[in-house]
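Try each one yourself before reading its solution.

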Amino acid sequence: MFSGSMVALVTPMRADGSLDSDSLRKLVEFHIENGTDAIVAVGTTGESATLTVEEHCDVIRQVVEQTNGRVPVIAGTGANSTAEAIELSQCARDLGVAAVLLVTPYYNRPTQEGLYLHFKAIAEAVDIPQILYNVPSRTACDLLPETVGRLAKIDNIVGIKEATGDVRRVQLIKDLVDDKFELYTGEDGNTVDFILAGGKGVISVTANVAPKLMHEMCVAAIAGEADKARAINDKLAPLHQTLFSEANPIPVKWALHEMGLIPEGIRLPMTVLSEQFHQPVRDALASAGVLNP
């Protein structure tokens with residue numbers, strides 16, 4: 001259903017932490033102009049954990065309205081409460097998104113059976129394409145390939161964002177699902193290898209600041225042009241690293257502010273990027289050609 005470079009969009013905020021709708025609309029246009037293949041609103045990078053349900057739905061609404069069908073919109077609607085994930089997914093469906101992205105329940109540390117029943121309940125409650133999201137480093141919970149294989153048998157569970165960083169998971173999962181089930185990486189640094197192994201694309205932090213290059217890299221990798229894709233990735237590699245110098249989305253929001261695209265606002269408990277990381281991020285932006293040195 002989706003492929004290529006899908007940006008895990010930040011949620012622009014003013015210095016006081018309030019939402020900045022003008023900057024959000026400008027960011028959407030920035031991505032459409034630079035070839036981003038899909039926009040993922042209010043995922044981890046969009047600070048979903050600190051938005052109210054009302055704000056969450058409002059950001060989705062604004063992104064859907066601004067894209068106006070020009071690129072697909074995927075909404076992050078996962079929660080560690082099954083009931084809340086259903087509520088958010090229903091809201092996103094009603095607002096017209098193409099799919100929802102459902103992170104594994106964080107903090108709770110459910111069993112594999114609990115994960116299966118959680119995602120099954122959401123799929124049965126909300127008739128919309130659903131993408132699983134596995135990021136154990138943030139959730140303390142690993143959605144194992146065998147459980148993914150069980151969930152893939154549910155018609156509207158259509159893919160997974162696999163953010164373990166282990167490219168071997170591609171084949172492990174592909175052996176358990178049919179050809180319609182799509183795999184996306186959540187690790188910018190392994191995008192080329194992930195796609196060459198059979199993945200469809202990336203849900204990307206780096207694409208926030210370098211959308212054109214991320215799009216071009218994915219196009220090359222999907223076409224099997226490994227050398228071209230790796231050459232582009234070499235330019236992006238410093239960004240892949242420095243954008244995680246502190247917890248996401250701290251560095252990427254600071255980078256976008258440095259580029260003049262959003263205000264500096266971020267919501268507690270997240271804080272503005274520590275000064276010691278400013279120059280490395282600037283250098284990485286310059287290396288990718290998106291900021292003058």
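**Exercise 1. How many disulfides does a search of the whole structure find, and which cysteines does a disulfide join?**

Step 1. Set the cut-off: a disulfide is a pair of cysteine sulfur atoms within 2.5 Å. Searching the whole structure with that rule turns up one disulfide.

Step 2. Name the partners. Cys57 is joined to Cys91, with an S to S distance of 2.2 Å. Cys57 sits in helix α2 (residues 53-67) and Cys91 in helix α3 (residues 82-95), so the bond ties together parts that lie 34 residues apart in sequence. Helices here are DSSP runs (H or I, at least four residues), as are strands (E, at least two), and both are numbered from the N terminus.

Step 3. A word on what you're looking at. This is a predicted model, where local features need pLDDT of at least 70 and side-chain atom pairs count only at pLDDT 80 or more, while totals for chains, interfaces and linings use all residues. Residues are numbered from 1 along each chain as its sequence is written, and side-chain values use heavy atoms, with hydrogens and water left out.

**Exercise 2. Cys57, Cys91, Cys141 and Cys218: buried or exposed?**

Step 1. Cys57 is buried at 15%, and Cys91 is buried at 16%.

Step 2. Cys141 is buried with 5% relative accessibility, and Cys218 is buried with 0%.

**Exercise 3. At what angle do helix α1 and α2 pack, and which residues make the contact?**

Step 1. Get the geometry from axes, which are lines fitted to C-alpha atoms, for helices over the stretch in contact; angles run from 0 to 180 degrees between N-to-C directions. Helix α1 (residues 21-33) packs on α2 at about 45°, and the axes are 10 Å apart.

Step 2. Classify the angle. Under 35 degrees is roughly parallel, over 145 roughly antiparallel, 65 to 115 roughly perpendicular and the rest oblique. That makes α1 oblique to α2.

Step 3. List the contact (heavy atoms within 4.5 Å). From α1 come Ser21, Leu24, Arg25, Val28, Glu29 and Ile32, and from α2 come Val59, Gln62, Val63, Gln66 and Thr67.

**Exercise 4. Which backbone atoms lie by the side chain of Gln130?**

Step 1. A polar atom of the Gln130 side chain lies 3.0 Å from the backbone oxygen of Val126. The backbone nitrogen of Ala123 is 3.5 Å from a polar atom of that side chain.

Step 2. Compare with Tyr133, found in strand β5 (residues 130-134). Tyr133 is buried too, at 6%, and its C-alpha is 5.6 Å from that of Ile160, 27 residues apart along the chain.

**Exercise 5. Which backbone oxygen does the side chain of Thr191 reach?**

Step 1. Find Thr191 in helix α8 (residues 191-196). Thr191 is buried, at 1% relative accessible area.

Step 2. Follow the side chain: it reaches the backbone oxygen of Glu187 at 3.5 Å.

Step 3. Leave aside neighbours within four places in sequence, and Thr191 contacts Thr185, Val202, Met214, Met217 and Cys218.

Terms used:
Buried means under 20% relative accessible area, exposed over 50%, partly exposed in between (1.4 Å probe, protein chains only). A polar contact is a pair of N or O atoms within 3.5 Å; within protein, one must be able to donate a hydrogen and the other to accept it, and residues adjacent in sequence count only if both atoms are side-chain atoms.
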